[in-house]
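Let's take a walk through a protein together. Have the sequence and the 3D view ready.

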Amino acid sequence: MPISGDDTLHIPEGRPLTIWAVSDGRAGIENQVLGLAQAIARKTHAQIVTRHIRYRRLFDRLPTFLKLWPDQMLKRDSDPVGPPYPDIWIAAGRATLPHSLRQKSASKGKTLVVQLQDPRENLSAFDLVIAPQHDQVLGDNVLSILGAPHRITKDRLATEFKPWAERFKAFKGPFVTALIGGKSKSHDLSVARAEAMATDIRRAVVAVGATLLLTISRRTPDAARDILVNALKDLPGLIYTGDGDNPYFAFLHKADHILVTEDSINMAVEAAATGKPVHILSMDRRSALKSTRKFDEFHRALQDYGAARPFNGELRTWSYTPLNETDRAADTVLALLKSRATSS
């Protein structure tokens with residue numbers, strides 16, 4: 001339920017909402033909780049606090065149900081998660097679950113507990129679960145979204161581009177941004193696939209006289225990385241392999257076309273948030289895993305939405321409304337919080 005301007009939540013005593021963005025600190029997970037927290041903060045006065053939960057090695061691999069005393073199992077560098085508790089707890093990842101499951105009782109019901117992704121736990125322990133559509137999580141307190149929350153906004157991309165603006169004056173459009181992932185449980189990038197990918201990217205860029213903006217993940221196998229860099233380094237543009245400042249947001253800002261390997265849901269969703277054509281680069285499938293099928297379901301949904309198409313070596317152009325599931329999730333959280341305040 002959207003929150004209109006007249007329905008903006010007002011906190012007693014004029015204080016801001018307190019939001020904890022809780023994760024294990026890994027970038028992909030933290031960006032999701034921060035993305036939702038920041039979307040809420042754009043709609044109402046709020047203070048965001050990041051919390052990183054990390055367990056000592058002895059306890060880290062224990063299943064959630066065996067983490068009976070999670071506070072005592074944390075590393076020394078883990079952030080405290082005790083009182084005073086926040087108005088909104090937003091968490092994602094396996095490491096957060098022992099605390100998320102206890103948060104409603106620990107705060108005596110004063111904290112709205114929001115869990116991202118599929119918790120694979122008792123859904124009633126949370127006030128709201130925000131899960132990807134392809135995970136098919138069902139429940140009265142479940143909001144299914146296409147992909148995952150993220151931190152991409154038009155304003156942020158423009159701001160992040162400013163330090164790069166002078167450097168981009170040396171290039172002319174159109175700009176083709178290529179986001180390359182790598183090895184995961186479900187996908188891989190072999191030498192043969194990397195060679196074919198480099199050939200297709202080169203052909204497409206040259207055909208339209210474009211500038212290439214290429215970023216390569218830490219997960220990209222070394223052999224595939226070398227093939228891509230050597231095959232494309234003579235083209236006009238920039239190649240980022242992990243050294244120096246990360247131009248990821250600048251690349252998204254300048255892109256006229258975005259190529260994304262199929263192994264990353266986060267990168268595809270962030271690309272779709274720009275409203276620019278998203279071309280999906282195929283990779284090697286490691287097995288017929290359930291996770292691989294979920295990627296297929298996600299990409300079908302992204303294509304049905306109109307944001308993405310499989311890359312066939314040509315830079316086709318189309319338009320669509322930028323994907324904005326993060327804002328829809330933020331509206332749902334605020335509507336739930338307001339309904340609780342009204343009923344109490």
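Is aspartate 127 buried or exposed? Aspartate 127 counts as buried, at 16% relative accessibility. (Buried means under 20% relative accessible area, exposed over 50% and partly exposed in between, using a 1.4 Å probe and protein chains only.)

## Before we start

This is a predicted model, where local features need pLDDT of at least 70, side-chain atom pairs count only at pLDDT 80 or more, and totals for chains, interfaces and linings use all residues. Residues are numbered from 1 along each chain as its sequence is written, and side-chain values use heavy atoms, with hydrogens and water left out.

## The whole protein

The protein has 11 helices and 14 strands. Both are DSSP runs numbered from the N terminus: helices are H or I with at least four residues, strands are E with at least two. Of its 344 residues, 51% count as buried.

What about overall size? Along the principal axes, the C-alpha atoms fill a box of roughly 65 × 50 × 35 Å. A compact globule with 344 residues would have a radius of gyration near 20 Å, and the protein's 21 Å agrees with that. (The radius is taken over C-alpha atoms, and the globule rule is 2.2 Å times the number of residues to the power 0.38.)

## A sheet with helices across it

Now look for an open sheet of six strands, in the order β10-β9-β7-β11-β12-β14, with parallel pairing. Its edge strands, β10 (237-240) and β14 (308-310), each pair on one side only. Two strands pair if DSSP finds at least two bridges between them. Strand β7 (residues 175-180) and strand β11 (residues 257-261) are joined by four bridges, and valine 176 stands opposite histidine 257 in β11.

Two helices lie across strands of this group. Helix α7 (residues 222-232) lies across β7, β9 and β10, and runs at about 165° to β9. For these angles, axes are lines fitted to C-alpha atoms, for helices over the stretch in contact (heavy atoms within 4.5 Å), and angles run from 0 to 180 degrees between N-to-C directions.

## Charged partners

Side chains of opposite charge can pair when their charged atoms come close. A search of the whole structure turns up 17 salt bridges, each a side-chain nitrogen of Lys or Arg within 4 Å of a carboxyl oxygen of Asp or Glu. One of them joins lysine 43 and aspartate 327 (4.0 Å, N to O). Lysine 43 sits in helix α1 (residues 27-43) and aspartate 327 in helix α11 (residues 325-343), so this pair ties together parts 284 residues apart in sequence. Lysine 43 is partly exposed, at 28% relative accessible area.

Aspartate 127 lies in the loop between β4 (112-116) and β5 (128-132), while arginine 340 is in helix α11, so the pair ties together parts 213 residues apart in sequence. Arginine 340 is partly exposed, with a relative accessible area of 25%.

Aspartate 234 is in the loop between α7 and β10, arginine 202 is in helix α6, and the two are 32 residues apart. Aspartate 234 counts as exposed at 52% relative accessibility, whereas arginine 202 counts as partly exposed at 29%.
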